[in-house]
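Trainee: I would like to go through this model with you, one question at a time. Please show it first.

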Amino acid sequence: MANRAVFLDRDGTIIEEVNYLRRVEEMIVFPFAADALRNLSAAGFLNVVVSNQSAVARGFLDEATLKTIHEELTRRLKKDGAVIDAFYYCPHHVEGTVEKYRKVCECRKPRPGLIFQAASDLQIDVTSSFVVGDQAADVGLARQTGCRSVLVRTGYGKTALKELNGLKPDYVAENLLEAAEWIIAADR
Ligand SMILES: [Mg+2]
Ligand SMILES: [Zn+2]
């Protein structure tokens with residue numbers, strides 16, 4: 001049986017947007033994040049982070065540090081009973097300074113690579129899944145993959161609302177907690 005997932009943006013959605021998080025010490029988890037993720041798990045969704053991390057291509061941090069950040073995020077959420085089932089990220093950017101990561105790729109949101117990879121790894125039915133994020137790229141990602149989308153007003157969300165260029169999220173939520181409530185209700 002196929003799984004359903006909520007594909008979650010990280011920065012500005014689960015944690016504070018700090019304009020390229022480089023060090024684990026700078027990470028601030030939103031106070032409502034654990035509640036939201038717990039509710040989604042209880043409703044039967046996989047919580048899958050899909051994140052553009054061009055900071056890697058830009059040389060601001062390496063993948064080992066990024067892994068440390070994700071382990072710490074996992075640890076803090078777990079303290080409050082919440083689970084992230086998997087992390088997927090795009091380390092690339094066309095204008096990156098680290099040659100290994102400097103390229104046009106299929107995984108930088110709004111391109112669909114991260115979701116297609118996760119769907120294949122975790123047997124996810126994307127058409128019964130959702131994307132939650134604070135930027136137009138997240139809404140575009142949902143559009144490209146056939147997921148429903150929720151734009152949150154945290155992070156860059158307020159600005160993103162004016163930059164959607166015809167993209168239309170299925171719902172606009174105050175934050176991740178309200179997004180989770182809407183998803184769980186919409187799914188019934
Ligand atoms: Mg974001
Ligand atoms: Zn990529």
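Trainee: Which residues are the protein donors of the zinc ion (ligand 2)?

Mentor: Keep in mind that this is a predicted model. The donor atoms lie 2.1 to 2.3 Å from the zinc ion (ligand 2).

Trainee: What is the geometry of the site of the zinc ion (ligand 2)?

Mentor: The class follows from the angles, because four donors count as tetrahedral if all angles lie between 85 and 135 degrees. Here the four donor atoms make angles of 104 to 117°. The site is therefore tetrahedral.

Trainee: How many residues apart in sequence are the parts that histidine 92 and cysteine 105 tie together?

Mentor: The donor spacing is C-x1-H-x12-C-x1-C. Histidine 92 and cysteine 105 both lie in the loop between strand 3 (86-90) and helix 4 (113-122), so the pair ties together parts that are 13 residues apart.

Trainee: Is histidine 70 buried or exposed?

Mentor: Histidine 70 is in helix 3 (residues 63-79). Leaving out residues up to four places away in sequence, histidine 70 touches Arg10, Phe87 and Tyr89. Its relative accessibility is 6%, and under 20% means buried, so histidine 70 counts as buried.

Trainee: Within what arc do the buried residues of helix 1 fall?

Mentor: In helix 1 (residues 33-42), the buried residues are Ala33, Ala34, Ala36, Leu37 and Leu40. They line one face of the helix, because seen down its axis they fall within an arc of 160°.

Technical notes:
Residues are numbered from 1 along each chain as its sequence is written. Chains are lettered from A and ligands numbered from 1 in the order in which they are written. This is a predicted model: local features need pLDDT of at least 70, side-chain atom pairs count only at pLDDT 80 or more; totals for chains, interfaces and linings use all residues. Side-chain values use heavy atoms; hydrogens and water are left out. Donors are N, O and S atoms within 2.8 Å of the metal (3.2 Å for Na, K and Ca); water is not among the atoms, so sites may look incomplete. Four donors count as tetrahedral if all angles lie between 85 and 135 degrees; four count as square planar and six as octahedral if opposite donors are over 155 degrees apart and all others between 65 and 115; anything else is irregular. Helices (H or I, at least four residues) and strands (E, at least two) are DSSP runs, numbered from the N terminus. Buried means under 20% relative accessible area, exposed over 50%, partly exposed in between (1.4 Å probe, protein chains only). Contact means heavy atoms within 4.5 Å. The arc is that of the directions from the helix axis to the C-beta atoms.
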